[in-house]
Amino acid sequence: VIGFRPLAAGWPALGDHHRHLVEDGARTGAFLEAIARQVRKGDVVCELGAGTGILSVAAARAGAGRVHALEVGPIAEVARDVAFDSGLADRIVFDEPDAADVIVSECMGPLAVGGTMIEALVVLRQRILRAGGVVIPRTIRVWLAPVSSPESDEYVRFWESPRHGVDLRAAGRLAIHNLYQATFAPREVVASAALAREIDLTAGPYAPRFQSTLAFTASRAAVMHGFAGWFDVDLGAGVTLDTSPADTPTVWQQVFLPIALPAHVAAGDRIELVFGATPALARSHVIYFDWKTTIGGETFHQSTRHSYPRGVVP
Ligand SMILES: C[S@@+](CC[C@H](N)C(=O)[O-])C[C@H]1O[C@@H](n2cnc3c(N)ncnc32)[C@H](O)[C@@H]1O
């Protein structure tokens, strides 16, 4: 197998981002199915974050009278051509409607709540969705569970051993405060997952800032290395998408939150976690994640705000 990666030259967004999205059959298939089941003939549909336009084309094919595809990035030009090539240039337009029957948005960032799309979606819904209208997705739930994953731990602790004879632990002090994209096997999960956040996209406002206090009971003896995080979404009409370790892998994989030191847990041990997110003051599209773990009387505080070198204000 030839590993093929785009060169770090030319426009990266197609190969780095949009191709992975379209290739992800679980993700794309779930949205296509949800659109097919919920868009009705003549509906005005608004898609927030249209990317290549694939979901807007699906909405038009499902019978929408008009689809308003909103896209801030330069990929919008591709979406325009895709609409034209699909013979839908008259029904897919690229401005915001005054009112919509359906709003669709693949708005889930890292751990779903990373990024700013959920907030943008809720604001858009409050502005344009007709009474009784449909939002796809309807709800998002974020889950966390303690994991034993030597591989993930080793990856994060790369900096703790001298490399080429140089002590690079200064880098490790930042690395331990970051989140990592990782894929976990169900057997690496050492306690039942807890619900960290539930977001109802159909009603009410959205605050990116939150904090949840969670407790887990270890189901077996293990060396715990951190937490796995993932999310599931209800896309309506019986369609769901689940990014848990037990489900079909997706572009999101799962997220690894390391703990400062691996911890031995026995079956029945209690693990406490205070997990939260706060938008950065200076640039609100950056979300800080904070996690405080207590195991056997020891507490570790970690935060992505400490993953930046001093002087870097995200
Ligand atoms: C995860 S991609 C989804 C693309 C496409 N809908 C799909 O399913 O393949 C999200 C897209 O939303 C765009 N986006 C993010 N925030 C936006 C905003 N506030 N308004 C319009 N587009 C936005 C990004 O540029 C990106 O192309």
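**A walk through loops and a helix pair**

At 84% relative accessibility, His164 counts as exposed, because the cut-off for exposed is over 50%. This is a predicted model. His164 is found in the loop that runs between helix H6 (150–156) and helix H7 (169–175). Look at its backbone too. Phi of His164 is near 50°, which is a positive value in a residue other than glycine.

Ala237 also has a positive phi, of about 55°, and it is not a glycine either. Find Ala237 in the loop between strand E10 (222–236) and E11. How exposed is Ala237? Its relative accessible area is 43%, so Ala237 is partly exposed.

Now move past E11. Ser244 sits in the loop between strand E11 (239–242) and strand E12 (254–265). Is Ser244 buried or exposed? Its relative accessibility is 8%, so Ser244 counts as buried. The cut-off for buried is under 20%. Beyond the residues up to four places away in sequence, Ser244 touches Trp230 and Gln254. Ser244 and Gln254 are ten residues apart in sequence, and their C-alpha atoms are 6.9 Å apart in space. The side chain of Ser244 also makes a polar contact of 2.8 Å with the side chain of Asp247.

Next comes another serine. Ser105 lies in the loop between strand E4 (100–104) and helix H5 (117–128). At 0% relative accessibility, Ser105 counts as buried. What does its side chain reach? The side chain of Ser105 reaches the backbone oxygen of Leu48 at 2.9 Å. Leaving aside neighbours within four places in sequence, the contacts of Ser105 are Phe31, Leu48, Met117, Leu121, Ile136 and Pro137.

The bond from Ile136 to Pro137 is cis, with omega near 5°. Pro137 is found in the loop between strand E5 (129–136) and strand E6 (139–147).

Two packed helices are described by the angle between their axes and the distance between the axes. Helix H2 (residues 25–38) packs with helix H3 (residues 54–61) at an angle of about 25°, and their axes are 9 Å apart. H2 and H3 are therefore roughly parallel to each other, since angles under 35 degrees count as roughly parallel. The crossing of H2 past H3 is right-handed. Which residues make the contact? H2 gives Thr28, Phe31, Leu32 and Ile35, while H3 gives Ile54, Leu55, Ala58 and Ala59. By class, this contact has seven nonpolar residues, one polar residue and no charged residues.

Note on methods:
Residues are numbered from 1 along each chain as its sequence is written. This is a predicted model: local features need pLDDT of at least 70, side-chain atom pairs count only at pLDDT 80 or more; totals for chains, interfaces and linings use all residues. Side-chain values use heavy atoms; hydrogens and water are left out. Helices (H or I, at least four residues) and strands (E, at least two) are DSSP runs, numbered from the N terminus. Buried means under 20% relative accessible area, exposed over 50%, partly exposed in between (1.4 Å probe, protein chains only). Contact means heavy atoms within 4.5 Å. A polar contact is a pair of N or O atoms within 3.5 Å; within protein, one must be able to donate a hydrogen and the other to accept it, and residues adjacent in sequence count only if both atoms are side-chain atoms. Axes are lines fitted to C-alpha atoms, for helices over the stretch in contact, and angles run from 0 to 180 degrees between N-to-C directions. Angles under 35 degrees count as roughly parallel, over 145 as roughly antiparallel, 65 to 115 as roughly perpendicular and the rest as oblique. A crossing is left-handed if the near helix is turned anticlockwise from the far one by less than a right angle, and right-handed if clockwise. Ala, Val, Leu, Ile, Met, Phe, Trp, Tyr, Cys and Pro count as nonpolar, Asp, Glu, Lys and Arg as charged, and the others, Gly among them, as polar.
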